[in-house]
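Visitor: Could you walk me through this one? I am new to reading structures.

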Amino acid sequence: MRPGAWLRALVHVLLVRPFTRWVIGFNVSGSESVRGLKQMVLAANHNSHLDGLLVFSSLPLRQAMRLHPVAAEDYFGQGDLWGMLARWLFNMVTISRTRVSRRHNPLERMQRVLDRGDSILIFPEGTRGEPDRMAPFQAGVGHLAKSFPDIPIVPVCVLGAGRSMPRGASVPVPVWTTVEFGSPLRAQGRPAETAAALEQAIREMAERAGRWHGAVPEAGDSRKPAYVAVVGIDGSGKSSIQRRVVEALSSIRPVAGIGDVLLLGRQGRLEDIGWIPGACLKQTLHRLAKASRIPLGYKLAKLAELAMRRHLQDVITLKFRPHAVVYDGHPLVNVAAWGTLAYPELFNERRCAEALGIMSGRGEPSLFYLRRMPEVLALRLFARFDLPDAMVLLKLDPGTAMRRIESRGEEKQMHETAEKLGRLQKAYEAVGRLLRERYGVRVLELDVDGKTLSEASQEAADFVRQVVECG
Amino acid sequence: MGQVLTSGKLATAALILVAGMTALRFTVAPRMPTLFPTTLVRLGWWWCLSLFVAAAVFFGKVPLLAGLGLASFLALKEYFTVIPSRQADRGAIWLSYLSIPFVLYYVWSGWYGMFVLTVPVYVFLLLPIVLAVRGERGGILLSLSRIGFGVMLLVYCLGYVGYLYVLDPRWFLTILLLTEFADQVQVPLSRFAGGAPLPVEEETGLHKSARGVLLSAALIIPACMALGPFNGWEPLHSLAVGTLIPLLSATGSLVVYSIRADIGIAGAGALVPGRGLMLDRMRALCYTAPVLFHYLRYFCT
């Protein structure tokens with residue numbers, strides 16, 4: 001070793017490690033997954049400047065001295081004393097967060113480090129963010145993994161550092177931290193998938209150890225799930241298509257399905273969602289609404305059911321943190337379409353768009369709705385659903401739909417005639433157009449005539465996957 | 001007899017006791033796991049304790065206070081790790097750590113008035129100010145009670161261990177060793193004696209039952225009576241101290257376990273550093289030291 005390297009090791013042993021061990025304090029677990037590795041890519045969550053220090057201290061000195069954390073050039077790349085010291089002490093690779101192009105490819109510097117046979121510590125969130133909250137992982141680590149398929153990527157979960165020294169703080173507060181190494185991964189398919197798998201692994205570790213750090217990490221994802229609606233007239237097979245979409249999308253992260261029944265897809269399978277308070281009540285309300293013969297009774301029961309559904313959606317989102325929620329017939333879209341049918345003179349295009357905005361909480365309500373359409377206000381107050389980010393609109397010949405409904409052998413509902421279904425279909429199309437033009441919702445019009453269920457589901461799932469991945 | 005049994009001899013006896021327990025650990029304990037659970041077997045702690053005691057006896061206050069400060073810091077760090085806190089509480093947490101050297105200084109200089117006042121009055125008054133100037137609303141009262149409790153228990157009450165030494169080194173030795181012994185021995189004794197566990201503790205795996213506590217009193221009262229002449233206590237006071245030690249030790253562990261159960265971390269993981277190791281060693285002392293200090297200061301000086 002060169003004298004500089006000796007000096008660096010000495011500073012680590014005499015200053016950095018005693019500081020992290022005694023003043024801060026850390027527990028290491030899962031260190032057997034990095035034991036003996038000559039070269040690795042460590043991907044850690046990032047809440048604090050201490051993260052790097054803690055990972056360095058939790059590795060054997062021999063491995064730590066060959067580790068290069070990836071740091072932001074705008075922060076550590078400057079010529080000031082602090083930046084120079086940090087770069088020297090931790091062997092930093094600085095990359096630019098702003099000037100990214102083919103010529104300034106930030107991955108190139110990391111690749112050079114790996115080519116030399118050294119290891120990399122990367123924080124795929126890209127920034128420290130809020131304490132104990134994880135931002136979505138960026139795909140860079142996946143690209144790195146793809147170019148070096150032989151180097152194991154180890155997810156590292158650092159907990160408590162954001163509490164000790166959050167962003168903006170200059171002095172750490174002594175509290176214990178945990179550094180946990182997960183089992184090594186290899187590159188999987190697309191770079192984004194590798195990043196998502198790492199993120200998931202770290203999230204799971206954080207959940208297990210979180211209770212030792214003052215709080216269970218917030219169950220809610222900082223990110224909203226993508227809301228997807230599968231809409232169509234009765235008999236178009238939307239429930240089956242919704243099921244299949246949920247199933248197909250859930251290979252990496254959980255997906256929830258909200259409809260007359262509640263679904264949860266995990267690891268490519270539909271799972272039992274378990275007991276959730278209120279699920280029974282929702283089912284009862286649903287039956288009550290179907291059985292009701294007077295419009296007011298139907299409306300009240302339906303409103304209560306939607307409010308319950310909204311509550312269940314919140315519970316499921318908090319509990320399972322799905323990356324997408326797939327609706328079987330979106331409530332707002334249904335209301336808009338039925339409104340267009342029931343009050344053709346009142347519910348013109350402008351009003352329809354306005355009502356959608358009011359129900360989803362994007363627009364401000366006016367007195368008009370209080371007098372003429374209190375349902376809109378009631379939905380806003382009691383069951384505020386978000387507008388879908390994407391919508392799959394199933395199109396089907398009303399005659400075919402009628403035949404399918406008849407073949408079910410159930411008692412037909414009032415609106416189930418070919419003529420009414422045809423008009424409903426037109427109304428759905430109008431609402432879809434409106435959503436696309438006014439609210440930027442991505443809409444797929446899927447003609448299911450003459451397609452098998454699996455073909456149609458495949459097409460819908462591809463579209464939804466694209467939407468979910470592009471955000 | 002007070003002349004015959006000196007502090008030096010007691011410290012040596014403590015070392016021999018620990019050596020004996022180490023032997024026990026490797027001979028009998030592995031064969032009788034139910035009677036000797038990990039709590040008794042945790043010898044590293046006894047070694048630390050006896051070295052600490054020996055240092056206090058042979059080198060005086062300074063190593064004692066350094067060790068006490070370290071213990072206080074580590075216990076406080078564990079406490080702040082497990083309690084829920086907000087980002088706005090960082091200042092108050094810092095202030096809590098900062099109160100340790102002040103308390104130690106007042107112990108070292110024997111300034112009784114300031115030692116007794118600093119935490120209950122000045123830190124008590126300062127904590128809400130530090131929280132209030134951050135201006136962040138929501139949960140200030142909760143934070144205040146959580147942080148304030150930690151400082152009171154783990155800085156102020158532990159400070160009495162040091163002040164006992166200032167009062168009389170022999171008393172310090174007696175109470176420290178008997179308290180730790182009581183706290184540790186109550187667990188296997190409770191298993192041995194059976195009986196209903198004290199509240200909250202049933203789900204934690206650490207059993208202390210009323211019968212076990214009584215049994216430990218049956219061990220500690222004679223020990224305390226025997227040490228009476230060495231300490232210079234009347235038999236009546238020896239009896240009182242010997243009764244208080246096991247009772248207060250059980251109280252201390254009960255309180256710390258209630259808090260752990262409240263946070264939701266009772267039971268597992270207590271063997272991992274930072275997850276209650278120090279807190280569990282200190283829990284009994286937090287109760288015995290202040291109460292017995294005031295008892296002895298009133299009746300025996």
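**A pocket and a patch**

Guide: In the lining of the second largest pocket, α5(A) gives the most, with five residues. This is a predicted model, in which local features need pLDDT of at least 70 and side-chain atom pairs count only at pLDDT 80 or more, while totals for chains, interfaces and linings use all residues. Residues are numbered from 1 along each chain as its sequence is written, chains are lettered from A and ligands numbered from 1 in the order in which they are written, and side-chain values use heavy atoms, with hydrogens and water left out.

Visitor: Which residues lie nearest the centre of that second largest pocket?

Guide: They are H46(A), V70(A), A71(A), A72(A) and F123(A), out of 46 residues that line the pocket.

Visitor: And how much space lies in it?

Guide: The second largest pocket holds about 1200 Å³ of space.

Visitor: New topic: which residues make the nonpolar surface patch?

Guide: L7(A), L10(A), V13(A), L14(A) and L15(A) make a nonpolar patch of about 490 Å². One of them, L10(A), lies in helix α1 of chain A, residues 3-24.

Visitor: How exposed is L10(A)?

Guide: L10(A) is partly exposed, at a relative accessible area of 48%, since buried means under 20%, exposed over 50%, and partly exposed in between, with a 1.4 Å probe and protein chains only.

Visitor: What about chain B, how many helices and strands?

Guide: Chain B has 11 helices and zero strands, where helices are DSSP runs (H or I, at least four residues) and strands are runs of E (at least two), numbered from the N terminus. Of the 301 residues in chain B, 51% are buried.

How values were computed
Patch = residues over 30% accessible without salt bridge, like charges linked within 9 Å, V, L, I, M, F, W, Y side chains within 5 Å. Areas by Shrake-Rupley, 256 points an atom, 1.4 Å probe, with all protein chains shown as cover. Salt bridge = Lys/Arg side-chain N within 4 Å of Asp/Glu carboxyl O. 1 Å grid on protein atoms, 1.4 Å probe; cavity = no way out; pocket = protein on both sides within 12 Å on 5 of 7 lines; lining within 4 Å. Points joined across faces, edges and corners; volume = space filled by probe spheres on them.
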